[in-house]
Amino acid sequence: MANEIAFKSYCWAIGTTSYRTDKFNMSIERQMILLKEFRNLPDNKGKLWTGNNTFQAEYFEFLKDKKFVKGDAPRPDKDAREKTSGLRDIGLLDDERNITAAGEALIAIAETEDFSSDNLLEIPKDSYLYFKQLLKTSNGVDGKTVRPFVVFLYVISKVGFLTYDEFTYLLPLCVDRETTYKVIDCVISSRSGSMNYEDIILSVLMEMENYKKALFLLQEREITEELICNIGLNRKSARYDKPYYILYTILKDIVFSKADVALKLYEATKKLTNSKVSSAWRKYFFSSNARSVITKMGLAVLNNVPILKAESEKEFNEEFFKIMHLFKAKATLSDYFDLNRRYFKVTDVVIFEDDKVKLDMLPKCYIENIADELIDIAFEKTDLLSENVELEDIHPCLAIDTDKLYKKLGKALGKSVFDKKSARKFIRDERYARFNKLIDDKFDTDTLITLFNHFESRDDDGIRNLVTDNADIPTIFEYILGIAWYVISDRTGDVLEYMNLSLEADLLPKTHAGGGAADIVWKYEKTAWYPKHTLLIEATLADGSNQRRMEMEPVSRHLGEYRIANPQDEAYCVFVTTYLNVNVISDFRARRYMEYYNTAGTTHITGMKILPIQTSELKTLLKFDVRYPQIYRMLDKAYYSSEAPKEWYENNIVKETSLYGV
């Protein structure tokens, strides 16, 4: 058709939908380290990436050799591009996939495994680097420049929070000042019930010239398959929209001829090439998706939607056009939700919980202080994307004024905040309030027991669904064990510090490339039931001979080194696993009498208290609300028992634990 109308982008996204990965932080760090190694190979130095499909395929094979990817790819060069494009987009790589200064800074953090905070926003080092990178990251949208993260920060400063629907369907439409102001106004209006997000999507689309032109053609031209494909504005190819012509003709017969073809309409929706769009059409029109019901009820099965009440062909065409493009836009925008969420979350300033997206407390105060200036940089590009620079170097408005920051924090808390020390105390209190709510809402006792069941059966998908997909399973095991012990300890103790895990802003765990998370080290003050002491909790999912090989030496080493370094502390260790190897029990029991020396052999301790316990017994303790004083007494009594290892565990741990259920 001579008047073919081109698709034009109407929204932004960070990264590519072709590359969705769990363990997002670890994946980025590992790939950066591997890409540096690949680039440093003698044959690869100075090689161009752009247009070099062979070189790109070699990179994919390198990743496969390093077990970063599994299996073969139909087009390894394409996979290589997909796996690196997001890192290029946020400035960790340049166009030729060379490591940038910002990328080198991230690698340095990952290799030292020091993620502690070194900034006034009190977020981890790597998160702070991501935060700065996303402030610089921009997209080109139909000839316009937009910085998605800056737009997000501006919008959320004006509306307080975004629902998941608002974040998914409205925020990415903010591609210029006018649309951003409009979306903000519409969000505020929709919360009072005067407009819903679907109306907002349509209002944005219908302001675009190509959509106006497409609707005009639909109203003025003879309806043909070619015309329907043309006005579909398909991103890939007009031919993908051929099924809409059949849908159009069936609907027209229903509306104007009252043809009893409900089942044909149902079948026509199933032929749409996008499954999300197809499902949306069925949900919109049909009160039941059961073929038997549709056959029996005929047109009576259809919902009372505006297009079915159209009184003219012009009205019918406009409704059809709006439905077609609303469902297409929603499908596209929903595809971007997970992608945008993952990139925003790596900054550790954004919290996704309770169907809302909001800023963590201290970053929120910072953004509110500079919000009105953010709009001035939201739609311009920076040349500093690849550089590792300070906030004020990105733009002077981003400089942190500590006096204003702490004043704003104090106002938000209703307390006086004078300096970094007092800010940290109040932030800690706020984090614990959120953490306790998280346990109440997401990790009650029944859920903890369910999770331990999943760990025992290695139902990894079940674990990720209940916790997170941004951490590996061993890290999640430590995290859930930490929560369980926090519950056992009546929620006393600085568990977020004791777990020594990296947590996202929503207080869920994340895994870094280095791995090797330290033990849980729990500090107990003196009570009527036990003396002041330190408890090291070691966790493993290894079983059988692997457990014996992997855990016997590290567990005793960790406790031995701790006791040598802290001779004034009374300390013991609880070893938790899903399945105990009898020789591991035997080894730990023998440690009661063995010497442990420091590396130089100049200092030693005699005897170590290591008590193993399976998750099966831990579940029983949780089920019957057994608390730490009783557990301490049970473990202390078991330690002094002299039975053989196999009988020792059965008689002193299994049987004693089971008594709580009697």
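Setting aside neighbours within four places in sequence, Lys45 is in contact with Arg39 and Asn40, where contact means heavy atoms within 4.5 Å. Lys45 sits in the loop between helix H1 (24-39) and helix H2 (53-65). Helices here are DSSP runs of H or I with at least four residues, strands are E runs of at least two, and both are numbered from the N terminus. With a relative accessibility of 57%, Lys45 counts as exposed; the cut-offs are over 50% for exposed, under 20% for buried and partly exposed in between, using a 1.4 Å probe and protein chains only. Lys45 and Gly410 are 365 residues apart along the chain, and their C-alpha atoms are separated by 53 Å.

A word on the model itself. It is predicted, so local features need pLDDT of at least 70 and side-chain atom pairs count only at pLDDT 80 or more, while totals for chains, interfaces and linings use all residues. Residues are numbered from 1 along each chain as its sequence is written, and side-chain values use heavy atoms, with hydrogens and water left out.

Now the overall picture. The protein has 29 helices and eleven strands, and its C-alpha trace spans about 95 × 65 × 60 Å along the principal axes. Of its 662 residues, 53% are buried. Among contacts with a separation of 6 or more, 68% are between residues 24 or more positions apart.

On to the cores. A nonpolar core is a set of buried Ala, Val, Leu, Ile, Met, Phe, Trp, Tyr and Cys residues joined through side-chain atoms within 4.5 Å. The largest one has 148 residues, and Phe131, Phe152, Trp281 and Phe285 have the most contacts inside it. Helix H16 (residues 313-345) gives the most to this core, with 15 residues. There is also a second, separate core of 74 residues, which includes Ile473, Ile480, Trp485 and Val576.

Beyond residues up to four places away in sequence, Phe285 touches Leu251, Leu265, Val301, Leu302, Asn303, Val305, Ile307, Leu308 and Ile323.

Another one to look at is Phe344, which lies in helix H16. Phe344 is buried, since its relative accessibility is 0%. With residues up to four places away not counted, its partners are Trp12, Ile14, Leu134, Pro148, Phe149, Phe152, Phe167, Leu171 and Val350. Leu233 is 111 residues from Phe344 along the chain, with 30 Å between the two C-alpha atoms.

Next come two helix pairs. Axes are lines fitted to C-alpha atoms, for helices over the stretch in contact, and angles run from 0 to 180 degrees between N-to-C directions.

| Helix pair | Angle | Axis distance |
|---|---|---|
| H20 (residues 420-442) and H23 (residues 473-488) | about 95 degrees | 12 Å |
| H21 and H27 | roughly 170 degrees | within 10 Å |

H20 and H23 are therefore roughly perpendicular to each other, while H21 is roughly antiparallel to H27. Angles under 35 degrees count as roughly parallel, over 145 as roughly antiparallel, 65 to 115 as roughly perpendicular and the rest as oblique.

In the H20 and H23 pair, H20 brings Tyr432, Phe435, Asn436, Leu438 and Ile439, and H23 brings Tyr479, Ile483, Tyr486 and Val487. This contact has eight nonpolar residues, one polar and no charged. Ala, Val, Leu, Ile, Met, Phe, Trp, Tyr, Cys and Pro count as nonpolar, Asp, Glu, Lys and Arg as charged, and the others, Gly among them, as polar.

For H21 and H27, the contact uses Thr445, Leu448, Ile449, Phe452, Asn453 and Glu456 of H21, together with Thr615, Ser616, Leu618, Lys619, Leu622 and Lys623 of H27. Those residues divide into five nonpolar, four polar and three charged.

What about H27 itself? In H27 (residues 615-623), the buried residues are Thr615, Glu617, Leu618, Lys619, Leu621 and Leu622. Their cover includes helix H21 (445-457), H23, strand E8 (571-577), strand E11 (610-614), H28 and helix H29 (645-658). Thr615 is buried, with a relative accessible area of 0%. Leaving out residues up to four places away, Thr615 touches Phe452, Glu456, Phe477, Val576, Thr577 and Thr578. Just after H27, Asp625 takes a positive phi of about 55 degrees.
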